[in-house]
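Here are a few notes from my pass through the model, for when you have it open. Have a look first, then read on.

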Amino acid sequence: MAKDTRPYAIPPRPPPTDGRGNQIHNELLLGLSDAECGGLFSKLEYVRLKVHHVLYEPGDALKSVYFCNSGMISILTVFPDGKSVEVGLVGKEGFVGVPLLVGFQTASTQAVVQLDATAFRVNGDVLMALLPQCPKLELRLHQYAQIAAMQTTQIAACNRLHEVHERLARWLLMCSDRVSSNDLSLTQEFLGQMLGTRRSSVTVAAGILQEAVIITTSRGDVKIVDREKLEDTACDCYSMVQRQASEWRNGAQ
């Protein structure tokens, strides 16, 4: 009998864990040296965060910070009349608690869970004490903070200049990137809050995308069915943010 020489696929390596069996997907924590992991991972607490859970409000002391591991967290500016608008979006690429990195102890924004999430939580003082022994993580956190600030300025311009359906397309792409999925559990009321516009305007914008067979919607759910068309429909802000972040990351390697 002839020897079977067909190549066999090498199974993918499973994600690393925190030492307690919890898989790590947060990109800031992946690829750290054993020396950095040893001191940090023992301090991390794996937590599950339900949708609409508020991590902090403006003015709250930042006692804990979060490395988002799955799901999605929105950063919102809240106005005195209670209205709010999203100024940042955090998924597995990111971190919640940026002001602590430069010595600020309180929040200026609200952080709320947008899609059911998991995260690694750590006491803020503990993290800051560890960072001098974790230079790679410290650099990544400062780079992430700069990318998040760049994204915030672009969103501000976007909300002022672009049509609602273009902004909705941009926002859906950002969500999809952060959860690595085209299926998003989002209500139109929540979309309106995130985009800083009326629910009726979101309904019209979603209708434009549905008519073009780019998305489908049902109660509380949005599905991206044609990502290429969605990218074509989105305003330039999405590609500008992606391009600048990529250039910075590549230049820092």
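1. Let's begin with a hairpin: strand 8 and strand 9 form one, with two residues between them. In the turn, Gly 220 has a positive phi of about 80 degrees. Bear in mind throughout that this is a predicted model.

2. Val 213 counts as exposed because its relative accessibility is 54%, and the cut-off for exposed is over 50%.

3. Ser 180 also deserves a look: this residue is not a glycine, yet its phi is positive, near 55 degrees. You'll find Ser 180 in the loop that runs between helix 4 (164-179) and strand 7 (183-184). With a relative accessible area of 54%, Ser 180 is exposed.

4. Now over to helix 1 (residues 34-41). Which of its residues are buried? They are Glu 36, Cys 37, Leu 40 and Phe 41. These four lie on the same side of helix 1, because they cover an arc of only 100 degrees around the axis.

5. The other side of helix 1 has Asp 34 and Ala 35, which are exposed. As for what covers the buried residues of helix 1, that includes helix 2 (124-130) and helix 3 (135-161).

How values were computed:
Residues numbered from 1 in each chain as written. Predicted model: local features only at pLDDT ≥ 70, side-chain atom pairs only at ≥ 80, totals over all residues. Heavy atoms only, no water. Pairing = 2+ DSSP bridges. Buried < 20%, exposed > 50% of the residue type's maximum accessible area, 1.4 Å probe, protein only. Arc of directions from axis to C-beta. Contact = heavy atoms within 4.5 Å.
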